[in-house]
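Hi,

Here is the structure I said I would pass on to you.

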Number of protein chains: 2
Amino acid sequence: MPAPSDPVDTVLELENFLPYQLNVCSSRVSEALSRIYGERYQIGVPEWRVLVTLGQFETMTAKAIGLHSHMHKTKVSRAVAMLERRKLIGRRANRADMREAFLSLTPAGREIYNDLAPSALEFARQLLDTIAPDDRAMFCRVMSKLNERADQIARNIAKEIGEDRAEDRINPVAKERFRG
Amino acid sequence: MPAPSDPVDTVLELENFLPYQLNVCSSRVSEALSRIYGERYQIGVPEWRVLVTLGQFETMTAKAIGLHSHMHKTKVSRAVAMLERRKLIGRRANRADMREAFLSLTPAGREIYNDLAPSALEFARQLLDTIAPDDRAMFCRVMSKLNERADQIARNIAKEIGEDRAEDRINPVAKERFRG
DNA sequence: TGACGATGGTTGCTAAAGAAACTAGTTTTC
DNA sequence: GAAAACTAGTTTCTTTAGCAACCATCGTCA
């Protein structure tokens, strides 16, 4: 019988099944994190990501934000719209290409970012402070490998069934579901 | 300047921020996985979890399934309802407690499970086959620690702001959002 | 130049997820 | 032994996510 923490088993046990473990871990962590900014600033994950991305890069188009923060363009669009309504970010037209616009934090937005970023870093510090630095680095490396591998496998399957390549999908899912 | 894979930074960079990395990794992995069963059986993650849990434990109540698979009771309820409509699981009343019912796979459900479980294990094998066994074990240990730590932090925050303890929440979120 | 395809971004529609309210049954308490 | 408190599970309602269709603009190629 495999050890309970052995990630490769011969019988399918949910609690030792990597995709499940990852999902649970991810949602527990982001749940904890969202308690820090959710209550305080009344924003959700997408808005948080937009704020942080703009805080990091000063000025960006919605497209670039989506690419960098791994979000679907509609998610970005809506998050941007709400942050704009709240006057936390502003937009400046790109005279060279009127389709897109340059987004950046307003002073009010920068203020929130300046408070929000340290709390987030502090949160990450607390999360990781019981984990040895070597293990942290290793953990990141494994995550990257998993990402790579997952994409590889997904591509293979897509090729097998000859799927149409929808270009602007972030989380492509099966299109039709059984609707009993 | 910190190395790009250093999980502890002094500036907030999304791509090196653990909760973000976890979220991306988790969704890419489950996206890839869902391609295996989604297309083939027309089910989603909740249904998959119910099937797998019942495959593992033979008979269970909805409550127990939710506990074991970390799902909100409404999610379980709906997944069960759809699997029942498709005659993949059946229910037997518990004469000793008529509130709950014992759920288990029908032969048809077991058949699907018998095909589905090996593919899932094979998927996990492919995911992990480039990762050294020691690293796999380490990865799992770190995930458990992160889970623990995340809950701890969340509890602390909840205590600080003196939150009401909603007992049947799996992913509690901020209650009120700004609706610009 | 001007049609045609591609691209950035928004909107409309549908599906999924969770909170809260509810139903039905069980346990506790006085 | 009945009212109150509690529990398993379902339903309703609201929010959120994503796909598809769309609009406006841009690049290309005849």
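Below are my notes on what was found.

First, the ground rules: this is a predicted model, in which local features need pLDDT of at least 70 and side-chain atom pairs count only at pLDDT 80 or more, while totals for chains, interfaces and linings use all residues. Residues are numbered from 1 along each chain as its sequence is written, chains are lettered from A and ligands numbered from 1 in the order in which they are written, and side-chain values use heavy atoms, with hydrogens and water left out.

Let me start with the sheet in chain B. Three strands make up an open antiparallel sheet, in the order E1-E3-E2 (strands are DSSP runs of E with at least two residues, helices are runs of H or I with at least four, and both are numbered from the N terminus; two strands pair if DSSP finds at least two bridges between them). Strand E1 (59-60) and strand E2 (89-93) of chain B are at the edges with a single partner strand each, so one side of each has no neighbour in the sheet. Five bridges link E2(B) to strand E3 (residues 101-105) of chain B, and B:Gly90 has B:Ser104 as its bridge partner in E3(B). Helix H2 (residues 45-57) of chain B packs on this sheet and touches E1, E2 and E3 of chain B (contact means heavy atoms within 4.5 Å). The direction of H2 makes about 95° with that of E3(B) (axes are lines fitted to C-alpha atoms, for helices over the stretch in contact, with angles from 0 to 180 degrees between N-to-C directions).

Now the interface. In it, 85 residues of chain B are in contact with 85 residues of chain A. The two chains, B and A, bury about 8500 Å² between them, 67% of it on carbon and sulfur atoms (buried area is the accessible area, with a 1.4 Å probe, that two parts lose on being put together, summed over both). Between chain B and chain A there are four salt bridges (a side-chain nitrogen of Lys or Arg within 4 Å of a carboxyl oxygen of Asp or Glu). A:Asp151 forms a salt bridge with B:Arg28, with the closest N and O atoms 2.3 Å apart. Helix H1 (18-41) of chain B is among the elements that give two or more residues to the side touching chain A, and H1(B) supplies the largest share of that side, 19 residues.

A:Asp129 and B:Arg149 also meet in a salt bridge through their side chains (3.2 Å, N to O). This pair runs from the loop between H5 and helix H6 (133-161) of chain A to helix H6 of chain B. A:Asp129 is partly exposed at 36% relative accessible area, whereas B:Arg149 is buried at 14% (buried means under 20%, exposed over 50% and partly exposed in between, with a 1.4 Å probe and protein chains only).

Last, a backbone detail in chain A. A:Lys87 is not a glycine, yet its phi is positive, near 60°. A:Lys87 is exposed, with a relative accessible area of 60%, and belongs to the loop between helix H4 (73-85) and strand E2 (89-93) of chain A.

Best wishes
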